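Please take a look at the complex below.

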Amino acid sequence: MTLTGAAWLLLAQLASASPAAGVMFAQSATSSQQRMAPDDQALPSAQQRQQIQFDAARFDSVTANTLRGLFEDAVELGLPTRPLINRALEGSARRMTGDRIVKVVRELTAALNEAKVALGAGSTSDELVAGAEALRAGYDARTVTAVRATRTPGSAVTALVVLTDLARSGVPTGTAREAVTSIAKLPRSDEALLGLQMAVAKNAQRGPGMALDALNRYVRGTIPGSPGLSAPTTTDRKPVRPPDS
Amino acid sequence: MADPIEFPFGRPTDEPDFSDAEVMTRLRASYRALPTPPLAQVQQCAAAVLARAGASGAAAPVSRSVGRTFRPQWWWGAAAAATLVVGVMRPWRGEKTQHEADSAFAAGAAAQPTGSTRDEGDGEIRFDLTLPSTANAVAIVGDFNGWDETKTPMAKRGRDGTWSVRVPLSPGRYTYAFVVDGREWLVDALAPQVPDAGFGPANAVIVDGED
């Protein structure tokens, strides 16, 4: 005898539900089967159904229902729902309004879909989230694709996270892409990339010019024989003294 | 040869006039013969003269004196310009100014919460956060605890404002933030951050990011 989709869902809910968890949403078995089947890639359908379970008691009923619809749409698109649920919970913890939570989750869904196109169908959930954040930080899809290509077949999560943080620190996107793609080709590049992030973050507190200078020094010191990155056109002030190493 | 010019009283000469010298000698002698005036009378006379001078238009001499004292001089402008240039540039303070700027930066950097993450082994990640101000309670929230600020409180370590917690995490990427005293959300200024999507900044940590 085979279990139906509704039975799988009920079993999963019973296994994961706790007294403090509040009301868990139960997907309609038939609708979830119909929606998840076409774009399902590697995960079993039961796991996909479990993805949509979230603590609805932390939201008002209207927001919770809207979120459930968004999560179902994400499943249809073959996107991971865990990042969306986490983002919704973050908004609830920060005491945001329901409208804002829905807006942010909807934007993240669109960004994940765009990142999926840029990174390829075989990307992990973490890579998709990191790629979506890189896109939101101002990088174009070609940059995300290029960074992903440097890490094949490894994970591109660290490279994308560092790429995103460099933009936040005031490094021009072109320079950041050049630096990350250069270092990502090295062995043990994740450590080198995190070192780059730390060096830039420390010096970024002293101004964007200092962050850029620290980046150039780090790349020159990390990549043997590197002449340094091309100097971008910037109006940032000149560094007043050598940056911290 | 006869003189071509005829002078009615004789031809002028450069020789001294002895009659004038004799007059001067007599005047000096008569002056010395005068009795010495008493000091009180001299002071009285001087006071009377000065008082009269003040009553009959002393403003003019005073005015002339003031004008003469404060008349603009050509070198005043040059001195003012030099003072301005030196005061603005302060060439002798280059090193000192740099030190002051660094101190100001250090103070600003110290005012930001900074932390670190460290793999403690056994699948646990240690989060540290150093706060520039005092706090009664600090909790870490993130993807790993459903963003519930009651689930993962941090413990105060020492008196330097550092709070720590060890969180078991499986490999992956996590987003997190810190909640101070249940109301203020902070991020580690040095850790990787994710773009603010509308809720506020948050940090990101990657567990077991291997090549």
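What pLDDT does chain B average? This is a predicted model, and chain B averages a pLDDT of 78. In chain B, 73% of the residues score at least 70.

## Confidence

Strand β3 of chain B, residues 138-142, scores highest, with a mean of 94. Helix α3 of chain B, residues 59-69, scores lowest, with a mean of 50. Over residues 58-63 of chain B, pLDDT stays under 50. For that stretch the model has 1 contact beyond four places in sequence.

For the complex, the predictor gives an ipTM of 0.71. The pTM is 0.62.

## Layout of chain B

Chain B has 5 helices and 9 strands. Along the sequence, the pattern reads α-α-α-α-α-β-β-β-β-β-β-β-β-β.

Chain B has 211 residues, and 20% of them count as buried. Take the contacts in chain B between residues at least 6 apart in sequence: 54% of these join residues at least 24 apart.

## Where the chains meet

On chain B, 27 residues are in contact with 40 residues of chain A. Four elements of chain B give two or more residues each to this side: α5 (94-110), β6 (172-180), β8 (193-194) and β9 (202-207). The largest share, 3 residues, comes from α5(B). By class, the side of chain B that touches chain A has 14 nonpolar, 7 polar and 6 charged residues.

## A helix pair in chain A

How do α5(A) and α6(A) lie relative to each other? Helix α5 of chain A spans residues 82-93, and helix α6 of chain A spans residues 98-119. Their axes come within 9 Å and cross at roughly 155 degrees. That angle is over 145, so α5(A) and α6(A) count as roughly antiparallel. Their crossing is right-handed.

The contact draws on both helices. From α5(A) come A:P83, A:L84, A:R87, A:A88, A:G91 and A:S92. They meet A:R100, A:I101, A:V104, A:V105, A:L108, A:T109 and A:L112 in α6(A). By class, this contact has 8 nonpolar, 3 polar and 2 charged residues.

A:R106 is also in helix α6 of chain A. Is A:R106 buried or partly exposed? It takes 20 or more other C-beta atoms within 10 Å to count as buried, and 12 or fewer to count as exposed. A:R106 has 16, so A:R106 is partly exposed. A:R106 and A:L84 are 22 residues apart in sequence, and their C-alpha atoms are 8.5 Å apart in space.

Most residues other than glycine have a negative phi. Which residue of chain A has a positive phi of about 55 degrees although it is not a glycine? It is A:R188. A:R188 sits in the loop between α10 (173-184) and α11 (189-204) of chain A. A:R188 has 9 C-beta neighbours inside 10 Å, so A:R188 counts as exposed.

B:D181 has a positive phi, near 55 degrees, and is not a glycine. B:D181 lies in the loop between β6 and β7 (184-186) of chain B. B:D181 counts as exposed because 11 C-beta neighbours lie inside 10 Å.

Definitions and conventions:
Residues are numbered from 1 along each chain as its sequence is written. Chains are lettered from A and ligands numbered from 1 in the order in which they are written. This is a predicted model: local features need pLDDT of at least 70, side-chain atom pairs count only at pLDDT 80 or more; totals for chains, interfaces and linings use all residues. Two residues are in contact if their C-beta atoms, placed from the backbone, lie within 7 Å. Ala, Val, Leu, Ile, Met, Phe, Trp, Tyr, Cys and Pro count as nonpolar, Asp, Glu, Lys and Arg as charged, and the others, Gly among them, as polar. pLDDT is the predictor's confidence in each residue, from 0 to 100. Axes are lines fitted to C-alpha atoms, for helices over the stretch in contact, and angles run from 0 to 180 degrees between N-to-C directions. Angles under 35 degrees count as roughly parallel, over 145 as roughly antiparallel, 65 to 115 as roughly perpendicular and the rest as oblique. A crossing is left-handed if the near helix is turned anticlockwise from the far one by less than a right angle, and right-handed if clockwise.
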